[in-house]
Amino acid sequence: MKSGLLKIFCFLLVVSLMPAFNSVFGQKVAVVLSGGGSRGTAHIGVLRALEENNIPIDYITGTSIGALVGGMYASGYSTDEIEVFFTSEMFARWANGNLDPKYSYYYKKDADDASWVSFNIDLKKSFSAILPTNFISPVEMDFQLMELFAGASATAGYNFDSLFIPFRCVASDIDSNKSVVLRSGDLGKSIRASLTFPFYFKPVEIDDKLLFDGGMYNNFPSDVAIRDFHPDIIIGSKVSGNYPKSDPDDILTQIQNMLMSDTDFSLKIDSGIMIEPPVVKVSLVDFSTAKSFIQIGYDETNRRMDEIKKIVSHRHDDFYVDSLRRNFNHRKPAYRVDSIYISGLNKGEAAYVYQTLTHKSPNTTLGLIEPEYFKLAADNKIKQIVPSLKYDEAAGNYDLFLKIKPADKFVTKFGGNISSRGANQAFVELQYKRLFRNALQVRSNVYFGKFYTSVLLGTRLDIPMKTPLSFGAQLVYNHFDYFKSSIHFFEDVTPSFLVQDDNYFRVFASLPTTNKGKFVADFTIGILENQYYQDNSFTREDTTDKTRFSCMAASLSWDINTLNRKQYATAGARFLINVSYINGDEKFTSGSLSGSNGDEIRNSHQWFAAKVAWDNYFEKIGPFTFGFYGEVRLSTQDLFSNYTSSLLAAPAFEPVPESKSIFLSNFRAYNYGAFGLKAIYYLGKRFDLRAESYLFQPYEQIMVDDENMPYLGKQFDARYFSFSGGLVYHSFIGPMSITFNYFDNPEEQAFFAFNIGYIIFNDRALK
């Protein structure tokens, strides 16, 4: 027993003294990792080959992607763990600024509109100050980098010399035009600064310095390794060089040459080896080749291993390195959060954040805070959150520090649709946002065009609670002119045959059911006025028939939405259940063609209605995605005073964008079921070929007799088909499409359409 304890004691003594022996007798080896964007994943293979061959890694310095790879290794992550990280879906999202779908909070989003772009407005700043400073959202990256490195920072006492491997990374201070060496502090934030490619990611502020990508001034910090660590040997891994002539079609290469200084890639030491993995040139943020680049780095290092072993005589066995790594990782404190400190907000604004994050529950864990953090980040009243964890050794817990910028109070949106048909429209919206103990949003938008004109004034109040609540109101004027949405070869100066005005005031309350769903209750007071001729034999002197329906409606909805786009989606699903009660009075006034010009008919109507809709896209199979759409409407609604007014009061089945801009009499009914299949072929990242086909089955079709009076046809007596197919390009402002459309309808059965933008309107009074 005693001899066993003695052996364990001796082993621990040897392990503890090994660093001292190495310092006195062994060679000190520094590894220097260059920047280079996605090509830097080859560094992982280099480190793996060195470790497998027992080559000591005593120090690491890195720039940009080299800082991230080197920082992870220096923090106790194995090369296998680093590879898993760089080849994960999470990292791919970081590189492209996408957010994990589980952090997308549907109830926080505004209703879909036709906007292409939006701009924040700060009346106190110049125009240049309100332009965006980054293309990519860093929300998930900032939080996950904090989580990735906070434990190592705490274990090292925020001194990079005390990490598993002593470490340095470099960033760039653009105000002083010089490189900055980061030696201590928040490791995650330091690496984030070194990664911050200008205009791609938002810059990081450390010690009152605004820091960008270290590669701007020093893309290969061998000089830092020599100055700070005095190594005997440097092993360099270089995956980039000084930038060649800019590519006229690649904005990133243009920015690179404008901002990056040439780097001296020499080792600056007598004894050293430069490894240059032969990775091909790819986009800086294209990490789809990570696995192959890791293998290339590994193979190239092994190819040079005999040279390395000639100059590095000392070896670290596997057990020794693994023991040190396990010991370092074992000392990382668990992520228990004691207090949250907020800066950048006033007292009322900070109260909103506290209530969102903790619900007044102290001593929580980072895992419990995480979903609430992303819920806060998704709030459009918040512009930016910079998180950091600071370990309190005395308390044995972390404090979470959040530097928050509230969103600019004013936002403008611009968009619309440019169409080869009549559905041209422009869209403008102005929003005012204010954050206090609650969050207030006031917005007003305008659509204007030949077919559709609308004005909306709305407000919404968000109350942060364990189950958040929101309340709001909308005042909306909608005007649809269906005649002007048609194509005519000659100018027609006769009056439009169908004009709808849909005006209402609505109040609502909503709460989330999941992060993807919401429950909404609303009450609407509306006035729906239709002007129409009941046939096409009219002159400009004739007057239209008019139907005015003054109503009240109460509605309950459950809406779950994970669709990836607001128009021409290719992934995700939407499931909607809506039940409504409508009560109102109809007033019909006859026009000059009705035989009793000026006569009035009044009727009262009340009915219950229900709608279930399911839009779903399946997992991608090679270059294909398939999907389906189903919709069922049930109603106790009765007929109105004439055929046209009855048809106008019926819900419409409008599954594709073009169907929303034309009047399809065969696709309207009080009760119906509809089903469709979709096929999408991906021609590239932004090009899709789409084909969609639908069957519309009314329970009882609305029919007309010889005296223009409505009646309901036989049950399931008729059914109608529609088809839409075409090419869609998903541009940065919105979809551009060329489509062929067919509707089994009396007029305009088949047509081609070209659109740039969105055929999306403000909601109608009746759902």
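## Close-up views of a predicted model

**Figure 1. Helices α5 and α7 are oblique to each other.** What is the angle at which helix α5 and helix α7 pack? Helix α5 (residues 89-96) and helix α7 (residues 139-155) pack at about 130°, and their axes are 8 Å apart. Angles over 145 degrees count as roughly antiparallel and 65 to 115 as roughly perpendicular, with the rest oblique, so α5 and α7 are oblique to each other. Their crossing is left-handed. On the α5 side you can look for Met90, Arg93 and Trp94, which meet Glu140, Met141, Gln144 and Leu145 of α7. Sorted by class, this contact holds four nonpolar, one polar and two charged residues.

**Figure 2. Helix α3 packs against helix α4.** Here the angle is about 135°, with the axes of α3 and α4 (residues 79-86) 9 Å apart. The crossing in which α3 passes α4 is right-handed. From α3 come Ile65, Leu68, Val69, Met72 and Tyr73, and from α4 come Thr79, Ile82, Phe85 and Phe86 to meet them. Which classes of residue make up the contact of α3 with α4? There are eight nonpolar residues, one polar residue and no charged residues.

**Figure 3. Leu68 sits in the largest nonpolar core.** This core has 65 residues, and those with the most contacts inside it are Leu68, Phe86 and Phe167. Helix α3 (residues 65-74) gives the largest share of the core, seven residues. Which residues does Leu68 touch, once those up to four places away in sequence are not counted? Leu68 touches Phe85, Phe86, Phe91, Leu145, Phe149, Ile191 and Leu195. Another core lies apart from this one; it has 36 residues, including Phe451, Leu647, Ile760 and Phe761. As a general pattern, nonpolar side chains in soluble globular proteins tend to be buried together.

**Figure 4. Helices α14 and α15 cross at roughly 140°.** The axes of helix α14 (residues 347-357) and helix α15 (residues 366-377) come within 8 Å. That angle makes α14 oblique to α15. To find the contact, look for Tyr352, Val353, Thr356 and Leu357 in α14, which meet Ile369, Glu372, Tyr373 and Leu376 in α15. By class, the contact has six nonpolar, one polar and one charged residues.

**Figure 5. Tyr158 and Asp207 each have a positive phi.** For background, most residues other than glycine have a negative phi. Tyr158 has a phi near 60° and is found in the loop between α7 and β4 (167-173). Is Tyr158 buried or exposed? Buried means under 20% relative accessible area, so Tyr158, at 13%, counts as buried. For Asp207, phi is near 55°, and the residue is found in the loop between β6 (204-206) and β7 (209-213). Exposed means over 50%, so Asp207, at 67% relative accessibility, counts as exposed.

**Figure 6. Gly572 lies in a loop between two strands.** The strands on either side of the loop are β21 (545-561) and β22 (573-589). With a relative accessible area of 23%, Gly572 is partly exposed. How many residues apart in sequence are Gly572 and Gly627? They are 55 residues apart in sequence, and in space they are 9.6 Å apart from C-alpha to C-alpha. Leaving aside neighbours within four places in sequence, Gly572 is in contact with Thr562, Leu563, Asp615, Asn616 and Tyr617.

**Figure 7. Ala554 has its place in strand β21.** At 33% relative accessibility, Ala554 counts as partly exposed. Ala554 and Ala521 are 33 residues apart along the chain, and their C-alpha atoms are separated by 7.6 Å. Not counting residues up to four places away in sequence, Ala554 touches Asp522, Phe523, Val579, Ser580 and Tyr581.

**Figure 8. The protein chain has 16 helices and 31 strands.** Let us end by stepping back from the close-ups. The chain has 767 residues, and buried residues make up 52% of them. Of the contacts with a separation of 6 or more, 67% are between residues 24 or more positions apart.

How values were computed: Residues numbered from 1 in each chain as written. Predicted model: local features only at pLDDT ≥ 70, side-chain atom pairs only at ≥ 80, totals over all residues. Heavy atoms only, no water. Core = buried A, V, L, I, M, F, W, Y, C linked by side-chain atoms within 4.5 Å. Buried < 20%, exposed > 50% of the residue type's maximum accessible area, 1.4 Å probe, protein only. Helix = DSSP H or I, 4+ residues; strand = E, 2+ residues; numbered from the N terminus. Contact = heavy atoms within 4.5 Å. Axes fitted to C-alpha atoms, helices over the stretch in contact; angles between N-to-C directions. Parallel < 35°, antiparallel > 145°, perpendicular 65-115°, else oblique. Left-handed = near helix turned anticlockwise from the far one by under 90°. Nonpolar A, V, L, I, M, F, W, Y, C, P; charged D, E, K, R; others polar.
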